[in-house]
Amino acid sequence: MTLLTHDRYCDEIGHQVGLLRAVVTSGADLSSTVPTCPDWSLEQLVRHTGGALRWVELLVRTRGQSDIPEDQVPSGGGPEATGDAAALDAWLAETGEMIVGTLREAGPDTRVWAWSGIPTSGFWARRMTHEITIHRADATLAAALPYELAPDVAADALDEWLQIAQFAQRTRPREKAEELRGPARSIHLHATDTAPELNAEWAVELSEGGLAWRRGHEKATVALRGPLTAVLLAFYRRLPLDAPGLEVLGERALLEFWLERATFG
């Protein structure tokens, strides 16, 4: 597993902000419910995503060494007017310029607070790349628009999700993550549409000792196969396991058990 470069993450954040802005200005109903985040409307989802980017921008720019309350983030909640696509688009555009500029200036190794045990600006560049990547999927589902993602970004998003799962199990034992411990079982993720050099396959082991994972092709208790982006979205619970193009082989109940408990983001 190799991280993308810091510049690649910065580029992708800017790219994803642009794609999210395109959803906002597509004529989609901003008051419509987001199917994959049913507590939010499309506008609330966009405000949440932009607010998260602005929170990280402030944290990195000020070299924060502790958590920053959300109410201290300037314009963190978005424009005052609701239902105004143009105002929301302008806010997102400014947000994208701010976060990308701040992360580029900081580079990957500036020390800032993080919940992950990786207290660097590089952690936040990667985290925000995948934060907006997944929430853009939510937005496109709400707006009934197509969704595409670069293979290297999708593969890295799966790597990061598994690392978050490991971290949560290690540090939050009273949460659902602890329920993943038990008899030795395994999950295999297999992208069927990528070049061999991407090595877009994952072996995930669940045991009494905790969660372990690695890239590669291995036999498992259950396998999820399909196009890489669909596998990613299913693993993030943005697509059902029986979505077109996906195939579950083996003990489906184990995969469902994982998806019910690996809810760390």
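W55 is buried in this predicted model, with a relative accessible area of 14%. The cut-off for a buried residue is under 20% relative accessible area, so the value of 14% places W55 in that class. W113, by contrast, has a relative accessible area of 23% and is therefore partly exposed. W124 is buried, as is W55.

**Aromatic pairs around W55**

The model contains seven aromatic pairs. One of them joins W55 and W113 in an edge-to-face arrangement. W55 belongs to helix α2 (residues 42–61), whereas W113 sits in the loop between α3 and α4, so this pair ties together parts that are 58 residues apart in sequence. The rings of W55 and W124 also form a pair, and because their planes stand at 80°, it is edge-to-face. Here the link runs from helix α2, which holds W55, to helix α4, which holds W124, so parts 69 residues apart in sequence are tied together. The geometry of the two pairs is given below.

| Pair | Distance between ring centres | Angle between planes |
|---|---|---|
| W55 and W113 | 6.2 Å | 90° |
| W55 and W124 | 5.2 Å | 80° |

W55, W113 and W124 are members of one aromatic cluster, which also includes W115, F123 and F167.

**Packing of α1 with α3**

Helix α1 (residues 6–24) and helix α3 (residues 85–106) have axes that come within 9 Å and cross at roughly 180°. The two helices are therefore roughly antiparallel. On the α1 side, the residues in contact are H6, D7, C10, D11, I13, G14, V17, L20, R21 and V24. They meet A85, L88, D89, L92, A93, G96, I99, V100, L103 and R104 of α3. By class, twelve of the residues in this contact are nonpolar, three are polar and five are charged.

**Packing of α4 with α5**

The axes of helix α4 (residues 121–143) and helix α5 (residues 151–171) come within 10 Å, crossing at roughly 110°. This angle makes α4 roughly perpendicular to α5. From α4, the contact involves R126, R127, T129, H130 and T133. Their counterparts in α5 are V153, D156, A157, D159, E160, Q163 and I164. The contact of α4 with α5 comprises three nonpolar, four polar and five charged residues.

Terms used. Residues are numbered from 1 along each chain as its sequence is written. This is a predicted model: local features need pLDDT of at least 70, side-chain atom pairs count only at pLDDT 80 or more; totals for chains, interfaces and linings use all residues. Side-chain values use heavy atoms; hydrogens and water are left out. Axes are lines fitted to C-alpha atoms, for helices over the stretch in contact, and angles run from 0 to 180 degrees between N-to-C directions. Helices (H or I, at least four residues) and strands (E, at least two) are DSSP runs, numbered from the N terminus. Angles under 35 degrees count as roughly parallel, over 145 as roughly antiparallel, 65 to 115 as roughly perpendicular and the rest as oblique. Contact means heavy atoms within 4.5 Å. Ala, Val, Leu, Ile, Met, Phe, Trp, Tyr, Cys and Pro count as nonpolar, Asp, Glu, Lys and Arg as charged, and the others, Gly among them, as polar. Rings of Phe, Tyr and Trp (its six-membered ring) pair if their centres lie within 6.5 Å; planes under 30 degrees apart count as stacked, over 60 as edge-to-face and the rest as tilted. Buried means under 20% relative accessible area, exposed over 50%, partly exposed in between (1.4 Å probe, protein chains only).
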